[in-house]
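User: I would like to learn how to read pockets, cavities and salt bridges in a model. Please start with the terms and then go to the case at hand.

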Amino acid sequence: MTAMAHEPLSQEEVLLEGFLALDAPEGFRAELIEGEIVVTPPPDGDHADYIGLIVEQVHLHSRTRMQFAGTKGLILRSGGRRPKDRVIPDGTFAPRELRLYRGADSWMPCDGVAMVLEVTSTKPKADREVKRRCHARAGIPFYLLVDRDIAQVTVFSEPQEDDYREHCARPFGKPITLPEPFAFDLDTADLL
């Protein structure tokens, strides 16, 4: 029997292999964000309520028919020598005609995703900053952030490099425009 020499794994490859081998407890989400493994506990009821209210409006009012996936694993481009980010947004919207989710693995590329939705929870700074950068780097056109701590909804748009160039914020209770392909004003009154 002869031993075969193997190339040593890089630190990035070891991190990715370790991440993919994780077995998070039921209901928890494990993500690989900017070179760190982040495990998030199950959200509370208000978190789910906000997502449901937004999804309902997108389905009723969006100019382009959208498909929604809650907690869909996305593989995103990352900066530097880190492995590709693997995030699980609270919600992912894609034009229905693309049928992006059909046949997709648990981790899928983000090409064709029109918007991701995050509702702040136990680590709001991650939603406000880190995940925003990840989605911008990946070129996802819109990032919708519902910030419960400050009662505000923000639409980030025009991704360029590590951030979005434009954003529009409104307090809960004021409508906020979701641009094309959605093309409607999101009513935030029910978030109060």
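Analyst: One term comes first: a residue is called buried when its relative accessible area is under 20%, exposed when over 50%, and partly exposed in between. The model shown here is predicted. An example of the term is the pair D127 and K131, both of which are buried.

User: How are D127 and K131 placed, and what links them?

Analyst: Side chains of opposite charge can pair when their charged atoms come close. Here D127 and K131 form a salt bridge, with 4.0 Å between the closest N and O atoms. Helix α3 holds both residues, which are 4 residues apart, or about one turn of the helix.

User: Which other salt bridge does K131 form, and which parts of the chain does that pair link?

Analyst: The side chain of K131 also meets that of E31 in a salt bridge, at 3.1 Å from N to O. This pair links distant parts of the chain, since E31 is in strand β1 and K131 in helix α3, 100 residues apart. E31 and K131 are both buried.

User: How many salt bridges does a search of the whole structure find?

Analyst: The search finds 13 salt bridges. Another of these joins the side chains of R137 and D162, at 3.3 Å from N to O. R137 belongs to helix α3 and D162 to the loop between β10 (152–160) and β11 (163–171), so this bridge ties together parts that are 25 residues apart in sequence.

User: Are R137 and D162 buried or partly exposed?

Analyst: R137 is buried because its relative accessible area is 12%, under the 20% limit. D162 has a relative accessibility of 41% and therefore counts as partly exposed. R137 and D162 also belong to a network of salt bridges that includes E34, D85 and R133.

User: Which elements supply the lining of the largest cavity, and what is its make-up by class?

Analyst: At least two lining residues come from each of β1 (29–33), β2, β8 (115–119) and α3. By class, the lining of this cavity has 7 charged, 4 nonpolar and 3 polar residues.

User: What is the volume of the largest pocket, and which residues line it?

Analyst: The volume of the largest pocket is about 170 Å³. I33, E34, E36, I37, V38, K123, A126 and V130 line this pocket. Two or more of them come from each of β2 (36–40) and α3 (124–137), and β2 gives the most, with 3 residues. The lining has 5 nonpolar and 3 charged residues, and no polar ones.

Terms used
Residues are numbered from 1 along each chain as its sequence is written. This is a predicted model: local features need pLDDT of at least 70, side-chain atom pairs count only at pLDDT 80 or more; totals for chains, interfaces and linings use all residues. Side-chain values use heavy atoms; hydrogens and water are left out. On a 1 Å grid over the protein atoms alone, a cavity is a set of points where a 1.4 Å probe fits but cannot get out, and a pocket is an open set with protein on both sides within 12 Å along at least five of seven lines; lining residues have an atom within 4 Å of a point. Grid points are joined across faces, edges and corners, and a volume is the space filled by probe spheres set on the points. Ala, Val, Leu, Ile, Met, Phe, Trp, Tyr, Cys and Pro count as nonpolar, Asp, Glu, Lys and Arg as charged, and the others, Gly among them, as polar. Buried means under 20% relative accessible area, exposed over 50%, partly exposed in between (1.4 Å probe, protein chains only).
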